[in-house]
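Dear colleague,

I am handing over the structure below, and would be grateful if you could look through it alongside the notes that follow.

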Amino acid sequence: MPALTSPHRRPATALVAVAVLIALIGPLTAAARRSAASSPVRVVPTSVKGSDGKTYTATNHLVTADPGTGAHRREWLLAWTGAETAGGIESAPSHRHGASPAATTGQTPPDFMAVIDATKGSRTYGRVVNTVTLGPLVKGEPHHMQYVWHKGNRVFAGTMFTDTTYVFDVAKLPELKLTGINLSRDTPCGSVPDAFWTTKDGSAYGSYLGGPDVSGPCRYTNGETREGNGFAGSPGELVRIGTDGRTVSETPAAIAAAEDPAKCHNAPALPKASCANPHGIQAREDLNRLVMSDFAEVRNYLDPDTKLTDPTLLRNTVRIFDIADRARPRLLSVSHLPTGPRVDKLPAFDEDRMVMETSVTQLPAHRGAFASTMAGGAVFYTPDITARAPKWREIFDSTAAYRRLGLDPPLTGSNAGSSWLQITPDDRYLFQAVMGSDPRVPLKQNSGMVFVLDVRKLLRSGKDPRCSIDRLGEITRGGSEPDCPALLDAQQIKGGIGGPQGRVGIGPHWGAMDNFRPGPDGYYRETDQIRRIVTSDYFVAQAGIDGDHKICMTDFDPARGLSLDLSFRDENNGTPCLDFDRQQWPHGSWGHARPHGVLFAVADADVR
């Protein structure tokens, strides 16, 4: 069970109430587990033709609903999931609960989308009610979907290793329908799809981390040409994908000229140096701007035989595109994040390194965006993404959030593994998930967390913010300027350590905000008042950082902070958080799995 630490002390009566709640929940979850074990499964296959003429399938395995579940309309959680053997060059899977049946038979387990009951108060809250298995591609390493789902949207879900993006219709949840597929051959100038941002017309932009499928020059749909060093190398690209899964456009993330060769190394070297390896992606359609953050030349960190210590391979750049013509984006600027006051012994872990995520403001009055670094463990801000040359400043160091947890010995933001970053739709609060993946720290001392910042004062500062983490004391205390974000709360999420390889389940990598709320009429409606988030604990095992394969639900109250939802419990072992290390799934005895991307959604008929 993940540990929970919060600066907000609960009174004894509240602790008693929690104990009573757990006692009451136990029999209910046991009944739900018995129902799950005895319920039949309805199989619903769906398929599409790929551009190669082959058939690709997504097969639903729907657990028959428990007649005593209560609520008619439901909210769902989607979890984009890979089989534990997904890593193509892993030495061996590590099973905490025994050997996988699939591993003993020699069969390859399928990747799948898990559909989970996310309806609070439901007797089957936290239960996996459908697994949508994919075929014929296997070992795809499912990664991310879009950040937020809105009614009518398709779901775009990418697999890193098979370089494929699946498009799902979720209108009839918990059932899914495969409506499109974008294969590696459909994006020859880019590889390794990472994350997606949907636009109002239902299409999506995708960040493709890696270079062209084949090294050498590649011609994009806009007529431009860039030279790359191959699959999962550099430079990456921006892809526009339609609701049918077809490629609308491929746009280079690299500028035509060489970037600073001293700051942007490539392995092997390119004729024109480039830091373009986009990961995070978000857009403001009202401003006609799209922001992408550069992460790393990813293949160098997925091959265990490659030992690279060059800090410039961990990018510190952010790219902004003009998307006035949605099908023909134009790269406008490339900005380098500043280095902060925390001087690390290893330059690869300086504050500006490995820009994993970006998050744009939402309200018309604001034009800013945030970015965070995985190796650097810091959060940055620029007040105007429409500026010709956006200026970024560090506004928070994860060290301050670790100090709030009161861990002994204390942890720092250095190589903290900062990951999912998202601002609430009302532009008030900023969530950050931190894995706690520093290999220099002993496993038992390492820890992940989620923290939340109040950014209202910062946004009110307009185009001239004063906040800047530029002194050593601000690393641990937060910024001293009056417009710096306030740390509202930090919650420790630390999984178990086990398996023959000592697999580390430290803390959360990805997350999603629950942007729905039930109304008095029983229908769901979108809300800008976020009161719940979900996090998943899995990164990429092939990179040496796995996870404990759990999904946790966390409640958020601006006045009381963050608290683990103890009623979101595993249907098999009854403990808080949903455990994907299990033998049995609706699609059969395939063993443990790795949940990565997560997303809240509601059936079209149930949301107004």
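**Helix α3 and its surroundings**

The buried residues of helix α3 pack against β22 (393-397), β23 (418-423), β24 (429-434), β25 (448-454), α5 (472-477) and β26 (486-493); here contact means heavy atoms within 4.5 Å, and buried means under 20% relative accessible area, with exposed over 50% and partly exposed in between (1.4 Å probe, protein chains only). Helices (H or I, at least four residues) and strands (E, at least two) are DSSP runs, numbered from the N terminus. The buried positions in α3 are S398, T399, A400, A401, Y402 and L405, and because six of the eight residues of this helix (residues 398-405) are buried, α3 is largely enclosed by the rest of the structure. Just after α3, G406 takes a positive phi of about 70°.

**Basis and confidence**

This is a predicted model, in which local features need pLDDT of at least 70 and side-chain atom pairs count only at pLDDT 80 or more, whereas totals for chains, interfaces and linings use all residues. Residues are numbered from 1 along each chain as its sequence is written, and side-chain values use heavy atoms, with hydrogens and water left out.

The mean pLDDT of the protein (the predictor's confidence in each residue, from 0 to 100) is 88, and 87% of the residues reach 70 or more. Over residues 1-37 the pLDDT is below 50, and this stretch has 53 contacts in the model beyond near neighbours in sequence; over residues 497-504 the pLDDT is also below 50, with 29 such contacts. Where pLDDT is low, the predicted coordinates should not be read in detail.

**Nonpolar cores**

A nonpolar core is taken as a set of buried Ala, Val, Leu, Ile, Met, Phe, Trp, Tyr and Cys residues joined through side-chain atoms within 4.5 Å. The largest has 53 residues, and those with the most contacts inside it are I116, I281, L290, F431, I551 and F580; strand β33 (residues 550-557) supplies the largest share of this core, four residues. Leaving aside neighbours within four places in sequence, F580 is in contact with residues including A79, I116, I551, W585 and P595. A second, separate core of 30 residues includes V155, Y166, L183 and A603.

**Salt bridges**

Counting a side-chain nitrogen of Lys or Arg within 4 Å of a carboxyl oxygen of Asp or Glu as a salt bridge, the total comes to 27. One of them joins the side chains of D565 and K120 (3.5 Å, N to O), a pair that links distant parts of the chain, 445 residues apart; D565 is buried, with a relative accessible area of 6%, whereas K120 is partly exposed at 43%.

The side chains of E259 and R319 also meet in a salt bridge (2.8 Å, N to O). E259 lies in the loop between β14 (247-252) and β15 (278-284) and R319 in strand β17 (residues 317-322), so this pair ties together parts that are 60 residues apart in sequence, and both residues are buried.

R456 forms a salt bridge with D454, the closest N and O atoms being 2.8 Å apart; R456 is partly exposed at 30% relative accessibility, and D454 is buried at 13%. Salt bridges that share partners join E75, D514 and R532 into one network.

With best regards
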